Amino acid sequence: MQAGKDFTLKVILTSQRLVNINEYLETRECLDVRWGAFFRECRLLPVAVPLLFSIDEYFETIKPKGILLTGGNDLSVCRTGDKLSKDRDMLERKLIHEGIERGVPIIGVCRGMQMIASYFGLSIQKVEGHVDKVHSVRFERNTLFSPHYSDVCDKNSFHEYTIGKMDREFQVIALSSNDGSIEAIQHKEHKIAGIM
């Protein structure tokens, strides 16, 4: 072990995509395998939060250092009648609520950012030309993400929805250079951020 380096993993709670597997008549909770490399690089120990489990027990037992709301599935406001989306929405709303109550940082990626926006009553709207594309993103200065990105970066994109109107509680921290749609946000009071 190198002197002066902290090799401790930080435990985070992680939401998961819900997928119906008709062949086996079951619903599965899953993460893209590429998250593993991200967790390793960031020294994070992910603990997946199953849909049918008490969230309070997670917070009381393992005392997480953060919450990650991942991508996949549309929000139920975008896909009316989809039970999986509705079930996942309810779980992630509980995670956001508990994270705020306990002062645990929250980051939402893609659908996770949309869920944060929906939780705080921001509008969600359809956006064209953001599925399976690479486009440039412009980061605002003096924000949570600005130390980690250059002013303009090319990023992959796989989302059909974005945030419509913003609220004074949030600050936009990145915009699509192509159409000005919102690509990243941070809450002005709570430790909450989202990135598409």
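Asp-89 is buried, with a relative accessible area of 7%, where buried means under 20% relative accessible area, exposed over 50% and partly exposed in between, computed with a 1.4 Å probe on protein chains only. Asp-89 forms a salt bridge with Arg-111, and the closest N and O atoms of the two are 2.4 Å apart; a salt bridge here is a side-chain nitrogen of Lys or Arg within 4 Å of a carboxyl oxygen of Asp or Glu. This is a predicted model, in which local features need pLDDT of at least 70 and side-chain atom pairs count only at pLDDT 80 or more, while totals for chains, interfaces and linings use all residues. Residues are numbered from 1 along each chain as its sequence is written, and side-chain values use heavy atoms, with hydrogens and water left out.

**Salt bridges**

- Glu-98 and Arg-102 form a salt bridge whose closest N and O atoms are 2.7 Å apart, and both residues lie in helix H3, 4 residues apart, about one turn of the helix.
- Glu-98 is buried, with a relative accessible area of 15%, whereas Arg-102 counts as partly exposed at 35% relative accessibility.
- Salt bridges that share partners join Asp-56, Glu-60, Glu-98 and Arg-102 into one network.
- Glu-26 and Arg-28 meet through their side chains in a salt bridge of 2.5 Å, N to O; Glu-26 is partly exposed at 33%, and Arg-28 is partly exposed at 37%.
- The count of salt bridges by this rule comes to 9.

**Nonpolar cores**

- The largest nonpolar core has 27 residues, of which Ile-67, Leu-69, Leu-95 and Ile-116 touch the most other members; such a core is a set of buried Ala, Val, Leu, Ile, Met, Phe, Trp, Tyr and Cys residues joined through side-chain atoms within 4.5 Å.
- Two or more residues of this core come from each of helix H2 (55–62), strand S5 (66–69), helix H3 (83–102), helix H4 (111–119), strand S11 (170–176) and strand S12 (182–187), and H4 gives the most, with 4 residues.
- Another core, of 8 residues, lies apart from it and includes Val-137, Ile-173, Ala-193 and Ile-195.
- Leaving aside residues up to four places away in sequence, Ile-67 touches Leu-13, Phe-59, Leu-95, Gly-99, Val-104, Pro-105, Ile-106 and Ile-107, a contact being heavy atoms within 4.5 Å.

- Ile-55, Tyr-58 and Phe-59 are buried in H2, and, seen down the helix axis, the buried residues fall within an arc of 90°, so they line one face of the helix; the arc is that of the directions from the helix axis to the C-beta atoms.
- The buried residues of H2 pack against strand S1 (10–14), strand S4 (44–48), S5 and H3.
- Just after H2, Lys-63 takes a positive phi of about 45°; Lys-63 sits in the loop between H2 and S5 and counts as exposed, at 51% relative accessibility.
- Most residues other than glycine have a negative phi.
- Asn-73, in the loop between S5 and H3, likewise has a positive phi, near 60°.

**Strand pairing**

- Strand S2 (residues 17–21) and strand S3 (residues 26–30) pair in the antiparallel sense over 5 bridges, where pairing requires that DSSP finds at least two bridges between the strands.
- S2 and S3 form a hairpin with 4 residues between them, and Leu-25 in the turn has a positive phi of about 55°; the bridge partner of Leu-18 in S3 is Glu-29.
- S11 and S12 run antiparallel and are joined by 5 bridges, with Leu-175 standing opposite Ile-182 in S12.
- S11 is mostly covered, since 5 of its 7 residues are buried.

**Aromatic pairs**

- The whole structure holds 6 aromatic pairs, in which rings of Phe, Tyr and Trp (its six-membered ring) have centres within 6.5 Å, with planes under 30 degrees apart counted as stacked, over 60 as edge-to-face and the rest as tilted.
- Trp-35 and Phe-39 form a stacked pair, 5.7 Å centre to centre with 20° between the planes, and ring pairs link Trp-35, Phe-38 and Phe-39 into a cluster.
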